Amino acid sequence: MTIPRAIRPLKRSGALRSARSAFSTTTAARTTSVTLKALGLDSYNLGVYNGEWSGNGDVVETVNPATGEVLGAVQQASGKDLDHTLQCATKAAKMWREVPAPKRGEIVRQMRNALSDKIEPLGRLVALEMGKILPEGIGEVQEYVDIADYAVGLSRMLNGKVIPSERPGHMMMEMWNPLGVVGVISAFNFPVAVYGWNSALSLVCGNAVVWKGAPTTGLTSVAVTKILAEVLEKNGLPGALCSLASGGADIGNMMANDKRVNLVSFTGSTNVGRKVALTVQERFGKSLLELGGNNAIIVHSDADIDLAVRSILFAAVGTAGQRCTTTRRLFLHEDIHDTFIERLIKAYGQIRVGNPLEAGVLCGPLHTKAAVAAFQEGIADVKAQGGTIVHGGNVLSHMAGNFVEPTITSISHDAPVVHREIFAPILHTIKFSNINEAIEWNNEVGQGLSSSLFTTSPERIFNWIGPSGSDCGIVNVNIPTNGAEIGGAFGGEKETGGGRESGSTAWQQYMRRQTCTVNYSGMLPLAQGIKFE
């Protein structure tokens with residue numbers, strides 16, 4: 001498709017346009033072309049969907065962070081586009097809430113199959129646009145497939161309760177009903193899975209969904225929506241059930257302010273999440289927040305060292321340190337500290353950094369040039385605050401794209417830089433002498449997302465997961481801080497926001513709870529024995 005003259009020049013959401021790829025230019029262009037074609041995308045794409053495709057906002061092009069190659073462009077939503085989309089979603093929600101939940105589950109099952117059919121090209125697009133390695137990109141799409149499976153089963157188990165009434169001839173029960181419209185504002189680092197967690201559960205719970213993905217991963221948002229839209233259209237359902245309003249902070253702010261959005265699910269930084277929460281609360285709306293993480297692993301002296309090293313390698317370096325569950329702090333018992341650091345440095349030395357589509361690469365690029373600058377600032381702060389660089393610490397400026405070295409530091413637990421989440425592969429290592437000290441340090445940061453303890457001691461394990469242990473929402477033992485399964489509730493405490501997505505009772509956030517009392521006695525006994533005669 002030829003880009004209309006009226007929408008030029010393009011506003012760029014990425015950088016490094018002229019950088020050369022590790023692949024040949026011809027190969028990179030062919031990979032992009034084949035991927036886009038397989039997903040029904042072109043070099044120019046409309047970014048608003050509410051049953052029909054449109055877009056009247058800025059045109060934003062997305063860039064491959066590994067090569068600087070421009071992948072394509074998405075025309076964003078204007079304020080009027082969002083308003084119309086919310087009108088369509090509100091109307092669709094009123095129809096959808098009357099469809100029996102198991103029937104809603106059947107539609108999600110079909111979406112699951114459609115996503116599975118496109119798992120390879122969609123995973124490749126995630127790798128191209130976000131920058132994570134191809135196995136992680138495909139794994140992210142699989143996570144959406146998995147939560148869709150979960151949601152299909154859940155559609156037959158949205159159970160309330162029957163509650164004993166103290167009044168004769170009365171029945172009391174708890175009912176769960178749809179909210180209406182759920183707004184999902186997702187981040188660049190998981191451009192498929194986070195929307196999937198929210199969308200699959202929202203749909204079976206009877207809601208319409210309006211999605212604003214990150215502008216830097218706009219092609220992925222359009223591709224996912226096209227897959228879902230096809231399922232809805234084949235079933236004669238309004239496409240507005242899975243609406244898309246591509247855009248930047250302006251569109252996100254409008255969603256947060258709009259009373260038609262009954263729940264705003266926001267994934268992103270703590271600073272922005274705080275503003276979203278206040279905005280939504282001012283209108284007494286509901287918010288679900290998945291914010292920052294400053295996750296720690298504690299390795300005790302009795303730990304399985306091989307297991308711990310392999311786990312930390314994935315947890316600290318996977319996705320180039322750009323997961324909210326990335327391990328950023330490593331507490332090592334003094335008896336094993338030196339030996340462990342030697343093993344870890346050796347493991348880091350075997351990591352191949354490069355184009356995420358190349359076989360054998362374990363660490364791709366940072367997503368933007370701004371992220372590279374944040375990495376450099378973090379390294380400078382480590383040195384200024386008395387820390388040392390044990391391994392790495394450099395920007396790989398000889399490579400095209402946003403590449404940095406996975407880095408290990410040695411620094412005090414209370415250095416300000418340690419308490420700051422830096423979205424890059426920087427791992428701070430800290431020596432401790434006893435488990436209570438390590439737990440205290442784990443808990444002293446503002447964030448409370450994920451944590452893990454490596455030990456073989458039952459006493460330490462149950463202390464760690466108990467009331468005096470980790471204060472995080474995810475508390476692991478002998479596994480990494482990242483790579484959560486969909487069956488458990490995902491989320492954290494404190495500055496992480498308190499929201500829960502995915503499994504367990506997370507579905508309840510997408511519904512409204514009602515306590516219902518039915519009097520079938522023909523009499524009027526009052527609670528607490530009150531007489532009003």
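This is a predicted model: local features need pLDDT of at least 70, side-chain atom pairs count only at pLDDT 80 or more; totals for chains, interfaces and linings use all residues.
Strand E12 pairs with strand E13 (residues 286-290) in the parallel sense, with 5 bridges between them.

**Strand E12 and its partners**

- A second pairing links E12 to strand E9 (residues 181-185), where 4 bridges join the two strands and the direction is again parallel.
- Ser-265 of E12 stands opposite Val-184, and the bridge partner of Ser-265 in E13 is Leu-288.
- Between E12 and E13 the chain passes through helix H9 (residues 270-282), which makes a β-α-β crossover that is right-handed.
- Strand E12 (residues 263-267) is largely enclosed by the rest of the structure, because 5 of its 5 residues are buried, that is, under 20% relative accessible area.
- Side chains of Leu-263, Ser-265 and Thr-267 point one way from E12, whereas Val-264 and Phe-266 point the other way, and all of them are buried.

**Helices H4 and H5**

- The axes of helix H4 (residues 119-129) and helix H5 (residues 134-154) come within 7 Å and cross at roughly 125°.
- Since angles of 65 to 115 degrees count as roughly perpendicular and those over 145 as roughly antiparallel, H4 and H5 are therefore oblique to each other.
- The crossing in which H4 passes H5 is right-handed.
- On the H4 side, the residues that meet H5 are Ile-119, Glu-120, Leu-122, Gly-123, Arg-124, Val-126 and Ala-127, and their counterparts in H5 are Leu-134, Gly-137, Ile-138, Glu-140, Val-141 and Gln-142.

Terms used
Residues are numbered from 1 along each chain as its sequence is written. Side-chain values use heavy atoms; hydrogens and water are left out. Buried means under 20% relative accessible area, exposed over 50%, partly exposed in between (1.4 Å probe, protein chains only). Two strands pair if DSSP finds at least two bridges between them. A crossover is right-handed if, with the strands pointing away from the viewer, the path from the first strand over the helix to the second runs clockwise. Axes are lines fitted to C-alpha atoms, for helices over the stretch in contact, and angles run from 0 to 180 degrees between N-to-C directions. Angles under 35 degrees count as roughly parallel, over 145 as roughly antiparallel, 65 to 115 as roughly perpendicular and the rest as oblique. A crossing is left-handed if the near helix is turned anticlockwise from the far one by less than a right angle, and right-handed if clockwise. Contact means heavy atoms within 4.5 Å.
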